[in-house]
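Please keep the sequence and the model in view while reading.

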Amino acid sequence: MHRRTTPAAMAAALLTGGLTPLALSAPASAAVAKHYDDFNGDGYRDLAYSHYYQSISGEDGWEGGAVNVVYGKAGGLDTSRTQVVHQDSPGIPGSGEEDDMFGESISSADLNKDGYADLIVGNSMETVGSTQYRGSVTIVWGSRSGLSGGTNVTPKSGAGSYFGRDLATGDFNGDGSADLAVIGGHEAWLYRGHQVG
């Protein structure tokens, strides 16, 4: 689920910033999640994939894009345990709108080091206030029961439009914490992991 970005784009404008997570349920362990995509901390990898096409008149129960999640179990994916995350899901900031592309980009990592992987979702077409296509990035927090609740990433100064067009996670400075890189337009912003959890 890691998204790759060209080195030139990543080097364009790496700035530091912080994120403040919502209160979460008890950690799965004292350590970072074993897998970057284990959203419920049960030791099995989960699968998240986008369908950011437009739902016609909300016939799918959402509008403006969504992310499907299939939870893992021993032996593979459990197709009887799925979840759809969108901007009209409880606890997710914003609301689904016709021009949105929630899920256009996705990545995952245990950003707050609570033992549960978190899902990061980009929506570069999001209108914010009166600014069309300002873009947004939402962290959907992992928990014992799976993905629940979300926090928007605050764009840094200078972020113009299409914030969240691409995402990448990784320990970019080797300090043991997952970092988040966000692409917007032709620039990149780096959110350091030690400022997340």
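A residue counts as buried under 20% relative accessible area, as exposed over 50%, and as partly exposed in between. The model considered here is predicted. By this scale Tyr133, at 24% relative accessibility, is partly exposed. Tyr162 is likewise partly exposed, its relative accessible area being 33%.

A pair of aromatic rings is described by the distance of the centres and the angle of the planes. The whole structure contains 2 aromatic pairs. One of them joins Tyr133 and Tyr162, which are stacked, with 6.0 Å from centre to centre and 10 degrees between the planes. Which parts of the chain does this pair tie together? Tyr133 is located in the loop between strand S5 (118-123) and strand S6 (136-140), whereas Tyr162 is located in the loop between strand S7 (150-152) and strand S8 (163-170); the contact therefore links parts that are 29 residues apart in sequence.

Charged side chains are also found over aromatic rings. Arg134 lies over the face of Phe163, at a distance of 5.8 Å from the ring centre. Elsewhere, the charged end of Arg81 is placed over the ring of Tyr71, 4.3 Å from the centre of that ring.

Attention may now turn to strand S2, which spans residues 66-73. Is this strand largely enclosed or open? Of its 8 residues, 7 are buried, so the rest of the structure largely encloses S2. The strand has pairing partners in S1 and in S3. Strand S1, residues 47-51, pairs with S2 in the antiparallel sense through 5 bridges. Within S2, Val67 is the residue that stands opposite Ser50. Strand S3, residues 76-85, also runs antiparallel to S2, and 6 bridges join the two. Here Lys73 has Gly76 of S3 as its bridge partner. S2 and S3 form a hairpin with 2 residues between the strands, and in this hairpin Gly75 adopts a positive phi near 95 degrees.

How values were computed. Residues numbered from 1 in each chain as written. Predicted model: local features only at pLDDT ≥ 70, side-chain atom pairs only at ≥ 80, totals over all residues. Heavy atoms only, no water. Phe/Tyr/Trp six-rings, centres within 6.5 Å; stacked < 30°, edge-to-face > 60°. Helix = DSSP H or I, 4+ residues; strand = E, 2+ residues; numbered from the N terminus. Buried < 20%, exposed > 50% of the residue type's maximum accessible area, 1.4 Å probe, protein only. Lys NZ or Arg CZ within 6 Å of the ring centre and 35° of its normal. Pairing = 2+ DSSP bridges.
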